Amino acid sequence: MSIVRQKNSWWLPPLVAGAGLLALWYAVVAIFKIPTYLLPMPHEVIAALWRERAALFPAALHTGGSALVGFLVAVLGGALVAITLASSRWLKAALYPWVLVVQMIPVVVLVPVFVIWFHAGLRSITAIAFMISFFPVVASTTMGLISTDRGLLELFTVLEATKTQEIFRLRLPYALPYFLSGVKIAATLAPIGAISGEFLAGTTPDSLGYLLLIYRSDPGKMPEVFAIALVACLLGFVFVGAVRWLSWVLLHQWHESERSGE
Amino acid sequence: MSALRAASVALESLGKRFPQGPAVLANVTLTAQPRDFVALIGPSGCGKTTLLRLLAGLTPPSAGAVTIDGLLAAEVRERLAFIFQEPTLLPWLTTRQNVELPLRLGKKLPDKQNGQVQELLKLVGLEPAAEQYPRQLSGGMKMRVSLARALLRQPGLLLLDEPFAALDEMTRNRLNEDLLRLREQTPFTAFFVTHSVSEAVFLSNRVLVLAANPGRIAGEIAVSAPYPRTAEWRESVDYQRLVTRATAMLRQTHAMP
């Protein structure tokens, strides 16, 4: 208890829990005698990761690149769309439902269409990563832009601020924490979108999704499938870690969500 | 601190009615001389806050007119400052930056104004907290920032909408005393909305008691005690008598139809 409460031991509880889960994993496999082709043991996954490093490492970079481009376009595009939607009540009422509708289209349907439109390869995968991470940015940024504190808006009126000042000095900074929480969600989704796209399109060799297609067709390669899951997790951590760092840099001095000690 | 003078205010048959609603204010006529400190008290729904918003030009009147130094509120915005119920600080700016906000929004930030910001921070006792962010400040400190920001504009007319209502009594009393101390240095006319009769009597030279449905002036009590008033005045018989009188008048307006 007292160790957990110490400031610098935030890493200890997850580490202990992780070790416990690993032990449970081994125990389950051993007790129920689960064969490797159903559930490989953790050390077999690590071994597969090492064995296939020459394929997995470039694939992770490739997938990460597609996800990154899609993510960046989604963040920029999402922010611009949100600013447009928030600029007029009419525009938001007219367009927001349609943004939602587009979001409802399953990736499985998008993939073949994008492959036809953008051809197989990086561009269609990037487009999928974009589509899947676009909406959270739009939704949370729009929310942030339209929920500007009324009192602060009136203050700006009393202080005779111009419309431009109101946008850049009040509405945008006020929406920043909302925007960043949308970006955080987008960061978790973009790599998932890219891998799903690669898997479903099956047209981009040297990518994690494509390797997954190959490995899963061989029952002996279950540890490799798990190794891909591990690499995908690491990729996701890189994305989310980068955004969390950016969020901390921008907000820790003034916003409750980034207070130290959380 | 300022070469500017306090504003005179005139309300002529002022009325306010929101669309499809009953009249919030009806036929309010009032003049305030420069340096008047007018406290507005009355039951909930008597239009105190609406009256203040009309003075600030935040909402247009439905009838009658508001003039400040003979001009409409919207034309003399730079002459007035508004202190809201909430401190309304920008959370991403430090204390100093928040106080400077009116300058930052203005066209220039001349160097000589920096000395003025520093002086104001000192006056409201916030110099040690100048580089802190609002979330690090107590409620009373936030209100002091709000006060300093309002005074930076050297307003001829200061409008205060229950600014200290959320604070504990000790902090509130201290801020009341500080406000009067600041009034000695910056000449302004003030309209102060409050629910607290004792606060109204302590601060103002005129207590206006409003009645509701529709909002109107039901009575006025003159407080002739000289400024600057200090905490000691609160102990005086004179003060207690005025609080009792104002409370009685307020009770009568509650009984009004």
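1. Helix H2 (residues 95-105) of chain B is mostly covered, with eight of its eleven residues buried. Here, buried means under 20% relative accessible area, exposed means over 50%, and partly exposed lies in between (1.4 Å probe, protein chains only). The buried residues of H2(B) are Thr95(B), Asn98(B), Val99(B), Glu100(B), Leu101(B), Pro102(B), Leu103(B) and Leu105(B). Helices (H or I, at least four residues) and strands (E, at least two) are DSSP runs, numbered from the N terminus.

2. This is a predicted model, in which local features need pLDDT of at least 70 and side-chain atom pairs count only at pLDDT 80 or more, while totals for chains, interfaces and linings use all residues. Residues are numbered from 1 along each chain as its sequence is written, chains are lettered from A and ligands numbered from 1 in the order in which they are written, and side-chain values use heavy atoms, with hydrogens and water left out.

3. The pLDDT is the predictor's confidence in each residue, from 0 to 100. Chain A averages 90, and 95% of its residues score at least 70. Within chain A, confidence is highest in helix H3 (residues 42-51), at a mean of 95, and lowest in helix H1 (residues 2-5), at 48. Where pLDDT is low, the predicted coordinates should not be read in detail.

4. Which residues touch the most other members of the largest nonpolar core? Of its 86 residues, they are Phe71(A), Leu11(B), Leu40(B), Leu159(B) and Phe191(B). The largest share of this core, eleven residues, is supplied by helix H9 (residues 163-201) of chain A. Apart from it lies another core, of 52 residues, including Leu175(B), Val207(B), Val209(B) and Met249(B). A nonpolar core is a set of buried Ala, Val, Leu, Ile, Met, Phe, Trp, Tyr and Cys residues joined through side-chain atoms within 4.5 Å.

5. Leu51(B) is found in helix H1 (residues 48-56) of chain B and counts as buried, at 1% relative accessibility. Leaving aside neighbours within four places in sequence, Leu51(B) is in contact (heavy atoms within 4.5 Å) with Leu11(B), Leu14(B), Leu25(B) and Leu40(B). Leu51(B) and Arg216(B) are 165 residues apart in sequence, and their C-alpha atoms are 9.9 Å apart in space.

6. The whole structure holds 13 aromatic pairs over all chains. Rings of Phe, Tyr and Trp (its six-membered ring) pair if their centres lie within 6.5 Å; planes under 30 degrees apart count as stacked, over 60 as edge-to-face and the rest as tilted. Phe71(A) and Phe239(A) form an edge-to-face pair, 5.8 Å centre to centre with 85 degrees between the planes. Because Phe71(A) lies in helix H4 (residues 53-87) and Phe239(A) in helix H11 (residues 222-251) of chain A, the pair ties together parts that are 168 residues apart in sequence. Phe71(A) is buried at 8% relative accessibility, and Phe239(A) is buried at 9%.

7. The charged ends of two arginines sit over the ring of Tyr227(B): that of Arg183(B) is 4.1 Å from the ring centre, and that of Arg229(B) is 4.2 Å from it. The criterion is that NZ of Lys or CZ of Arg is within 6 Å of the ring centre and within 35 degrees of the ring normal.

8. A search of the whole structure finds zero disulfides over all chains, a disulfide being a pair of cysteine sulfur atoms within 2.5 Å. Cys46(B) is buried, with a relative accessible area of 1%, whereas Cys233(A) is partly exposed, at 46%.
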